[in-house]
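Please take a moment to look over the sequence and the model below before reading on. The paragraphs that follow will lead you through them step by step.

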Amino acid sequence: MFNYTIRRSLLAVPTLLLISLIIFLLLDLAPSDPTANLPLTIPPEVREKIRQSLGLGDPIYIRYILWCKQFFINEPLNILEHIFGWQIGGDRLRVLSWQTRSPVVDLIVQRLPQTLWVVGLSYVLGIVIAVPIGVISAYRQYSWFDQIGTFISMVGFSVPTFFTGVLLIVIFSVWLGWFPSIYDTTHQVTDWSSFLVQVKQMIMPVSVLALFNAAQISRYMRASMLDNLNQDYVRTARAKGVRERIVVLVHVLRNSLIPVTTVIALGVPQVFGGAIITEQVFKVNGLGQLLIIAIQGGDVPVVQTLTFIFALLIVLFNLIADVLYGVLDPRIRYD
Amino acid sequence: MPDEGTAVLDVKDLTTVFQTRQGNVHAVNAVSFELQPGELLGVVGESGSGKSVTMMSLIGLLPSPPAKVAAGHVRFANSDLLKVSDEQLRSVRGAEIGFIFQDPMTSLNPVFTVGFQLMEPLRGHMGLTKAQARARAAELLDLVGISDAKRRLSDFPHQFSGGMRQRVMIAIALACDPKVLIADEPTTALDVTIQAQILELVKELRHKLGMSIVWITHDLGVIAGIADRVMVMYGGQVVEQAPVRELFANPQHPYTKALLETIPSVRGARPEKLQVIEGQPPILYDFPRSCSFSDRCAHAFESCRSQNPPAFAVGADHTVSCHWNAEAGAPRNG
Ligand SMILES: Nc1ncnc2c1ncn2[C@@H]1O[C@H](COP(=O)(O)OP(=O)(O)OP(=O)(O)O)[C@@H](O)[C@H]1O
Ligand SMILES: [Mg+2]
């Protein structure tokens, strides 16, 4: 298992390099101009100068290698210095945003907590809701509980989050006035009442995303449970006189969780991507919003870096899913 | 008939119906039989004749819905297993009645060790501590002929061959010293040599442990080798019951005769082709009002199509449900 993990990680290196190159080439092909958002009064020569100063005059391979050096060498060194207090020395160029001129990695570090709180929490919440719903729906297949569960997950699955998000805002912010419609990221939690404010502003974005995630995962959970409930080993467990609760929650659930865990692990990077829209709706200035603004502003370094990080997450969680599969299923052996 | 009251298991008029979309499937129709202490009762019949459903109905192993045990009594240890609470039934299953299934490849849970699965009934029914259960589990594996038992307890099912897994299943079924062992085609999925080993094992354990066994099989050769008494099932009914020698020497029901003729003979001239029973066993959408074998029977006459034959006693401990009197070669009167 250890060897397998190492081998897969090493294999991921060329894959990721290729992905970064493709992203770079695609962004270069895109007809975006970092100066397009500047006032029209700026004369073309000045615009050209600005472009040159951003390094756009260099040949594409130079720019790509520069980005690689900055992202793969300089930034990790910075992080190491930061964590361990080392002084590796030297002036290192960092990946800079064209819009704000601040290092992209710093921007990401600023935005990450908001995304993790809202998106991460909603994913965890989605799982916590989905697993029991899936288990009960499967065990009581076609009962009213199962029917309602199926209906809600159909709704959660097929109605896009920008619709449910706006709907919640209209109902709970505009009509009832219970929750704020905008997520205030500058809000500091210092005491009980400010904590309540934080909870209040998180409720809507978190529930929109949690509903969406739970809808998906509960379907998988239900299908997987149904598969396993009909297996012969369940009959064996019952024939042994094992308590029904243990038959379902130990024998069946343990088997059913194998594919579901894989789905959950593979879903983590998608959650970051998929949350872009919800973050926009509730004005959560997380990573999704950072990406949208960067795309609109033609801020190639930010787009390149963020997209690449999403790709990295996908590769990483694929590996995690595979390793988890091997851990959970004794029949799988990686040598 | 042996005297009432001594039987370990006494089943009367057991009737099981599956409620499906196509209608009610009457899988078991008023089945009655007894199992004496230490006896091995062979159950034979074609696929779909209701052998498994009968045995699973006894101890509530059928999924409900769609299955519904509609009528009958199952007397076991002074209680009626069809009337007792779920909790009581659970304390009988795996403790006093052990069950072995047909397919050893899928009957064990793939993600738990063999030791865990073997210790589950020991801890649940006998209240053993973990250490005691482990010691007993190793003994059991040893008993069913698995060498290096202690170490193999921490292996997973996929690390065992099919025959070994069936041995593990037998160990699980025997874990709590059951009074009755129900074996549902335990050797069908195994190759012939392994099949013979398992049979030997059961024969040996049966005398060692002195339990009663219900052995379901398609294989009349197996029955001839191990059974004391045989029950032939067709269309969810018992069509003939007799001691094993009597049944082979003097079969009364046309279906039993046909079954016996399908056994290819090793000696003598080889027939042109294998004997088969023409036609298909029925799927009954109603409780049978006529003999369910009449469509495939050479002797069938009006009564067979208008009246379901009751069990007639035709000899010592030999009953047959047929309107045709095979001895006389004429319809039975009365
Ligand atoms: N879940 C079910 N739903 C509907 N009908 C069923 C179901 N399970 C079994 N039956 C019916 O019950 C009848 C008896 O099946 P059973 O499994 O007892 O046969 P069997 O004698 O054990 O056959 P085999 O030798 O193939 O194991 C079959 O005709 C089948 O149609
Ligand atoms: Mg069967």
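How many salt bridges does the rule find across the interface of chain B and chain A? The rule finds two of them there, and it should be kept in mind throughout that this is a predicted model. One of the salt bridges between the chains pairs B:Glu87 with A:Arg243, whose closest N and O atoms are 3.1 Å apart. The interface itself brings 26 residues of chain B into contact with 19 residues of chain A. The size of an interface is often given as the accessible area lost when the parts come together. For chain B and chain A this comes to about 2000 Å², with 58% of it on carbon and sulfur atoms. On the side of chain B, the residues that lose the most area to chain A are B:Arg90, B:Val111 and B:Glu120, which together account for 25% of what that side buries.

B:Glu87 also takes part in a salt bridge inside chain B, where its side chain meets that of B:Arg90 at 2.6 Å, N to O. Both residues belong to helix H2 (residues 86–92) of chain B, and they are three residues apart, about one turn of the helix.

In one of them, the side chains of B:Glu39 and B:Arg229 meet at 2.5 Å, N to O. B:Glu39 sits in the loop between strand S2 (23–35) and strand S3 (40–44) of chain B, while B:Arg229 is in strand S9 (residues 229–234) of chain B, so this pair ties together parts that are 190 residues apart in sequence. B:Glu39 is buried, with a relative accessible area of 9%, and B:Arg229 counts as buried at 7%. A further salt bridge of chain B joins B:Arg152 and B:Asp155, with 3.1 Å between the closest N and O atoms, and both of these residues are buried. In chain A, salt bridges that share partners join A:Glu75, A:Arg94 and A:Asp106 into one network.

We turn next to the nonpolar residues. In soluble globular proteins, nonpolar side chains tend to be buried together. The largest nonpolar core of this model has 104 residues, and B:Phe33, B:Met55, B:Leu58, B:Phe99, B:Leu141, B:Ile170 and B:Trp215 are the ones that touch the most other members. Helix H6 (residues 162–174) of chain B supplies the largest share of this core, seven residues. A second, separate core of 56 residues includes A:Trp67, A:Val242, A:Val248 and A:Ala294.

A:Trp67 is also one of the buried residues of helix H3 in chain A, and A:Phe71, A:Asn74 and A:Glu75 are among the others. Helix H3 (residues 60–84) of chain A has 25 residues and reaches 35 Å from its first C-alpha to its last, close to the 36 Å expected. A kink of about 30° lies at A:Asn74 in this helix, shortly before the proline A:Pro76. The parts that cover the buried residues of the helix include helix H1 (2–29), helix H4 (104–139) and helix H11 (300–328) of chain A. After the helix comes A:Gly85, whose phi is positive, near 70°.

Methods. Residues are numbered from 1 along each chain as its sequence is written. Chains are lettered from A and ligands numbered from 1 in the order in which they are written. This is a predicted model: local features need pLDDT of at least 70, side-chain atom pairs count only at pLDDT 80 or more; totals for chains, interfaces and linings use all residues. Side-chain values use heavy atoms; hydrogens and water are left out. Helices (H or I, at least four residues) and strands (E, at least two) are DSSP runs, numbered from the N terminus. The expected span of a helix is 1.5 Å times one less than its number of residues. The bend at a residue is the angle between axes fitted to the seven residues ending there and the seven starting there. Buried means under 20% relative accessible area, exposed over 50%, partly exposed in between (1.4 Å probe, protein chains only). Contact means heavy atoms within 4.5 Å. A nonpolar core is a set of buried Ala, Val, Leu, Ile, Met, Phe, Trp, Tyr and Cys residues joined through side-chain atoms within 4.5 Å. Buried area is the accessible area (1.4 Å probe) that two parts lose on being put together, summed over both. A salt bridge is a side-chain nitrogen of Lys or Arg within 4 Å of a carboxyl oxygen of Asp or Glu.
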